[in-house]
Amino acid sequence: MRQNWLFERRRGRAVRRAAMLLAMVLTVNPLVPTAAVSQQLAAAAPAASPALTGYELGPGDKLKITVYDEEGLTGDYIVSSRGTVSMPLIGEISAAGQSISDFRVALENRLAQGILNDPKVAAEVVEYRPFFILGEVNKPGQYPYSAGLTIYSAVATAQGFTYRANTHKVMITHAGQTSEQRVQISAATRIMPGDTVRVLERFF
């Protein structure tokens, strides 16, 4: 009986401590978004592709843009070949070369210029621009990009090396660049959205 009493007493103290901590958090952070805003933004935004650190937007990227309380502006948008996103009311807004966070801020600022009162925007990359793999692979071509893509995964997507392939080095052209770089093949060799990979022929 004494053990049960001690257990209940300790549990009661733990519950009271947790309640006090929660009250302190709510007091210190009075600007936490309301439940209504948070729920609407969360429901409107689908699961995005895993974020790439330092990634800059470019043509072909697919974005999910959510403007709170503005269904006409909320939707999926593609970064055009000009590096812009075209939206109702504001027309084209530059996206290429910006991080998704910088683009979101720029969009909020544009909407605040006489279009919406205190706009709230969420933006996510839901589909990165494709990559290209050419040369000595069994099925060269354009393929969808997934975060964390390695050279081995890219080759597997193209159904593997041909028997003539150089399996030690490849040539990679990064998006927006014109010169190829010779890259050693390893498990750490990463492919980025928009990259063009050229698998070389080996010397017999």
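**The chain as a whole**

Of the 204 residues in this chain, 32% count as buried, where buried means under 20% relative accessible area, exposed over 50%, and partly exposed in between, with a 1.4 Å probe and protein chains only. Please note that this is a predicted model, in which local features need pLDDT of at least 70 and side-chain atom pairs count only at pLDDT 80 or more, while totals for chains, interfaces and linings use all residues. Residues are numbered from 1 along each chain as its sequence is written, and side-chain values use heavy atoms, with hydrogens and water left out.

The chain exposes about 12800 Å², and carbon and sulfur atoms supply 55% of that; accessible areas come from the Shrake-Rupley method with a 1.4 Å probe, and for residues only the protein chains shown count as cover.

The secondary structure comes to 4 helices and 10 strands. Helices (H or I, at least four residues) and strands (E, at least two) are DSSP runs, numbered from the N terminus. In that direction the elements run α-α-β-β-β-β-α-β-β-β-α-β-β-β.

**An open sheet**

Which strands form the open sheet, and in what order? There are 3 strands, in the order S2-S1-S5, with antiparallel pairing; two strands pair if DSSP finds at least two bridges between them. S2 (75-78) and S5 (121-127) are at the edges with a single partner strand each, so one side of each has no neighbour in the sheet. On average, neighbouring strands here are turned by 30° against each other, direction ignored. Axes are lines fitted to C-alpha atoms, for helices over the stretch in contact, and angles run from 0 to 180 degrees between N-to-C directions.

S1 (residues 62-67) pairs with S5 over 6 bridges, and Val67 has Val121 as its bridge partner in S5. Helix H3 (residues 100-111) lies across S1 and S5, at about 140° to S5.

**Two loops**

Asp69 sits in the loop between S1 and S2. Its phi is positive, near 70°, and it is not a glycine. Asp69 is exposed, at 55% relative accessible area.

Asp118 is in the loop between H3 and S5. This residue, not a glycine either, has a positive phi of about 55°, and Asp118 is exposed at 56% relative accessible area.

**A hairpin**

Last, S3 (residues 84-87) and S4 (residues 91-94) pair in the antiparallel sense over 4 bridges. Thr84 has Ser94 as its bridge partner in S4. The two strands form a hairpin with 3 residues between them, and Leu89 in the turn has a positive phi of about 75°.

Note on methods. Contact = heavy atoms within 4.5 Å.
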